Amino acid sequence: MLHKLKFPLIVVFLSLILFWISFVIVKYYTYSDLPEVCLSGIEKKATYSGVVNCKMRADNGYKIANIDICIDGKDLCITDLKRINSKKFDIPFVLDTTKFSDGKHMLEINSVDSSYKKNKCKDNFEFFIDNMPLQAAFLDSEYKVSQGRTIHAKLQLNKNIKNTKIKFLENCYDCYPESDYSNVYECFIPIDCEVSPGEYILTAHLQDSVNGEVKLSTKAAIENVVFPKQRGFTVAKGKLEEEKEISMSNKILEEALEKWLKDSPKKKLWTGSFEVPLDCKKIATPFGEIRMTTEKGRYLHKAVDLLNLPRCVIWSAQAGRVIIKDRFLMSGNTVAIDHGLGVFTLYYHLEDFADIEIGDLIKKGSPIGKMGMTGYANGYHLHWELRVNNVPVDPLQWTKDTF
Ligand SMILES: [Zn+2]
């Protein structure tokens with residue numbers, strides 16, 4: 001009985017072996033999927049320093065025979081990746097970046113399986129090496145600035161970095177290269193005219209792409225300014241009532257400026273100094289004048305009022321992008337121009353607008369409208385305001401100094 005059963009069992013067993021052998025042979029000759037291996041530790045476009053721990057991983061349909069890793073065409077000769085002969089593996093290796101120069105490199109992975117067709121796969125990774133320690137210094141050992149003016153802070157670095165912030169009076173300012181490829185980083189710090197005078201500390205926190213950090217600090221003195229007081233200021237009775245019919249609230253202007261500030265280009269749209277935006281015959285109201293009016297109570301006039309003949313041409317003080325062109329209750333016909341890096345100029349009380357639209361990129365000296373007395377104004381004049389991060393500062397400083 002047992003003998004009778006054994007014979008068919010052996011046949012089944014031998015058939016299974018034969019079937020398996022044919023399956024292996026057919027797979028060997030016909031397998032055509034490309035090898036799939038992945039690298040961890042190095043990401044495309046990222047920057048590295050020192051020794052980087054990496055891993056080659058695969059869970060492939062056919063055994064991987066070899067993996068070659070090359071940097072800039074030179075084989076790294078990682079022995080663990082030669083003659084792997086396995087479908088599934090997890091092989092760690094180290095990449096010592098100090099053996100390469102700083103800058104851009106190309107890492108190439110070539111994998112080949114052990115099938116008859118020797119299916120190959122090639123993957124490229126562009127990455128960067130940065131082993132130079134970060135160095136930085138303020139270009140000025142200390143800053144002195146009057147209330148209502150702007151600090152132009154500059155830092156000299158030894159390389160281009162991702163993150164440079166300056167902190168002053170609880171506010172944080174991002175710094176940017178002063179021109180393309182420059183290692184001098186700058187930022188503009190507006191000093192509101194109502195900030196108390198005194199000695200303060202300005203701190204910079206810098207971080208490069210491989211998390212190298214530098215912290216610096218310097219003194220910044222804010223000097224007192226005695227702002228003039230205005231005796232009387234009255235706007236004709238009923239003018240604001242008339243304006244209300246045709247204007248939007250200035251709250252809408254302020255909200256729009258906050259929104260535009262977030263979108264301000266992270267680079268200067270200007271070069272050189274700013275220009276007074278009209279052929280100025282007289283400054284009617286200086287920057288910071290203290291006013292007392294029935295409509296607004298006590299306030300500081302954080303702009304300059306400039307005079308010439310009614311309806312004279314007003315031009316853009318610098319190159320920039322038009323962000324506001326509308327009529328508001330207090331500022332009347334208003335144009336605002338974004339010059340980049342959060343620097344805006346504003347032009348109030350215009351009679352009318354030139355042929356400009358929101359979003360237009362305009363040049364320094366492009367006409368933007370005519371001098372008027374729309375809004376809260378008691379005569380023809382241009383109210384010219386310059387804001388840095390939405391803090392009004394003396395615009396005339398920007399016409400004398402080159403920022
Ligand atoms: Zn004014």
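Strand S19 covers residues 297–301 and runs antiparallel to strand S18, residues 289–293, with five bridges joining them. A hairpin of three residues connects S18 to S19.

Before going on, some ground rules. This is a predicted model, in which local features need pLDDT of at least 70, side-chain atom pairs count only at pLDDT 80 or more, and totals for chains, interfaces and linings use all residues. Residues are numbered from 1 along each chain as its sequence is written.

Strands (E, at least two residues) and helices (H or I, at least four residues) are DSSP runs, numbered from the N terminus. Two strands pair if DSSP finds at least two bridges between them.

Now the whole protein. It has four helices and 29 strands. The C-alpha trace spans about 125 × 50 × 40 Å along its principal axes. The radius of gyration is 35 Å, whereas a compact globule of 403 residues would have one near 22 Å. That radius is taken over C-alpha atoms, and the globule rule is 2.2 Å times the number of residues to the power 0.38.

The domain assignment gives domain 1 (34–129), domain 2 (136–223) and domain 3 (239–400); such bounds come from an automatic or database assignment. Between the C-alpha centres of domain 1 and domain 2 there are 42 Å.

Next, a sheet. Four strands form an open sheet in the order S8-S10-S14-S13, with antiparallel pairing. Its edge strands are S8 (136–138) and S13 (176–177), each of which pairs on one side only. Two bridges join S13 to S14, residues 184–190. Here Pro-177 stands opposite Tyr-185 in S14.

Finally, a single residue. Where is Trp-260 placed? Trp-260 is in helix H3, residues 250–262. Is Trp-260 buried, partly exposed or exposed? A residue is buried if 20 or more other C-beta atoms, placed from the backbone, lie within 10 Å of its own, exposed if 12 or fewer, and partly exposed in between. Trp-260 has 18 other C-beta atoms within 10 Å, so it is partly exposed. Across the protein, buried residues make up 30% of the 403 residues.

Leaving aside residues up to four places away in sequence, Trp-260 touches Ile-323 and Asp-338. Contact means that the two C-beta atoms, placed from the backbone, lie within 7 Å. The C-alpha atoms of Trp-260 and Ile-324 are 9.2 Å apart, with the two residues 64 apart along the chain.
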